[in-house]
Amino acid sequence: MRAAAFTDLVGPDGVDVIDCETPDPGPGGAVVDVDACAINRHDLWILEGESAMVEADDLPFVTGLDVAGTVREVGEGVSSVESGDRVVLCPNETCGQCRFCREGPENLCANFSLYHGGLAEAARVEADRLVALPDEVSTTAAAAIPTAYTTAFHMLRRADVGPADLVFVPGVTGGVGVATVQLATILGARTVGTSSSAVKLEQVREFGLDHGIQSTDTDEIYEQVREIGVPDAVVNHLGGEYTELGQRVMARGGTMVVCGRTAGGTSTIDVAELFLEHKRIVGSTMGTQDDLRRLVDLVAAGDLEPAIDEAYALEETADAFVAMSERESVGKLVVHP
């Protein structure tokens with residue numbers, strides 16, 4: 001079979017289509033013919049050599065978390081899916097033994113990790129991580145959900161966002177940002193987001209963004225947000241200086257949920273403000289398999305249409321990473337092996 005592999009950790013020039021052995025399902029596993037696989041900034045960090053999880057000795061490396069397709073074959077002991085089933089993969093990898101695996105939520109697992117291997121014609125996965133796709137949900141739409149949308153959904157749940165709340169989303173044109181806007185709108189909340197691009201802000205308005213601020217200056221953003229209102233919640237996938245901004249701008253008793261570090265791996269907080277104003281800063285990684293199921297149901301019901309910016313053939317995977325690295329897209333980039 002063919003796979004789009006990282007053969008050098010130098011950015012998009014390090015992506016090559018190579019021949020690999022077709023995987024065997026093995027006990028408890030399944031082989032999925034991959035119809036669609038979205039890429040994420042997590043993959044780009046690996047490709048650019050910014051992730052400690054993959055080193056030169058691990059090459060060639062096939063990434064790809066967000067797998068959707070059709071089950072080709074199942075292994076011994078598998079009864080949850082069968083050949084021919086249309087499925088999407090929950091990319092969470094957990095130990096299955098710690099108290100969080102037993103009691104939930106699973107994404108708090110002490111040994112939490114993520115699946116890789118979807119940028120290929122076929123992928124070997126754990127069968128119990130597969131979620132069935134109704135006929136109403138295309139594999140392209142399904143591939144957009146597992147990382148960006150479950151992450152955003154889980155963050156909104158952790159911030160207890162509800163009707164009439166104001167949600168602040170710095171970097172709103174990214175995958176998690178767009179997903180947050182769409183899901184907050186479904187919850188009846190209002191959103192205010194930022195970007196350096198007026199064009200991209202207009203695109204996100206089409207997905208439900210209520211207020212867009214074209215700026216990267218945190219003081220300017222603070223003033224403009226406060227002219228709109230006082231956010232009840234902040235969904236922060238940027239980290240860095242935006243964590244301090246989020247703390248400053250949100251309401252007394254508000255919650256900021258942080259899931260990324262695109263703008264920097266360290267942040268400063270005002271400790272006195274934190275406890276005197278009863279604010280919360282919460283970390284969050286991905287979501288749960290139940291979150292994924294609920295999102296698939298929303299898509300099937302017609303309440304959610306995942307934002308897809310562009311689709312690529314397997315041979316064009318490097319082009320997809322170029323688009324991501326140059327921040328050209330609004331919505332998900334999906335590869336069709």
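1. The side chain of Asn236 reaches the backbone nitrogen of Gly239 at 2.9 Å, a polar contact in the sense of a pair of N or O atoms within 3.5 Å, one able to donate a hydrogen and the other to accept it, with residues adjacent in sequence counted only if both atoms are side-chain atoms. This is a predicted model, in which local features need pLDDT of at least 70 and side-chain atom pairs count only at pLDDT 80 or more, whereas totals for chains, interfaces and linings use all residues. Residues are numbered from 1 along each chain as its sequence is written, and side-chain values use heavy atoms, without hydrogens and water.

2. Asn236 belongs to strand S13 (residues 233-236), strands being DSSP runs of E with at least two residues and helices runs of H or I with at least four, numbered from the N terminus. Asn236 counts as buried because its relative accessibility is 0%, the cut-off being under 20% relative accessible area with a 1.4 Å probe and protein chains only.

3. Val172, in the loop between strand S10 (166-169) and helix H5 (175-186), is likewise buried at 0% relative accessibility. Setting aside neighbours within four places in sequence, its contacts (heavy atoms within 4.5 Å) include Val178, Leu201 and Leu209.

4. The largest nonpolar core has 44 residues, and Val88, Tyr149, Leu183 and Val296 have the most contacts inside it; such a core is a set of buried Ala, Val, Leu, Ile, Met, Phe, Trp, Tyr and Cys residues joined through side-chain atoms within 4.5 Å. Helix H4 (145-158) is one of the elements that give two or more residues to this core, and its seven residues are the largest share.

Conventions
Buried < 20%, exposed > 50% of the residue type's maximum accessible area, 1.4 Å probe, protein only.
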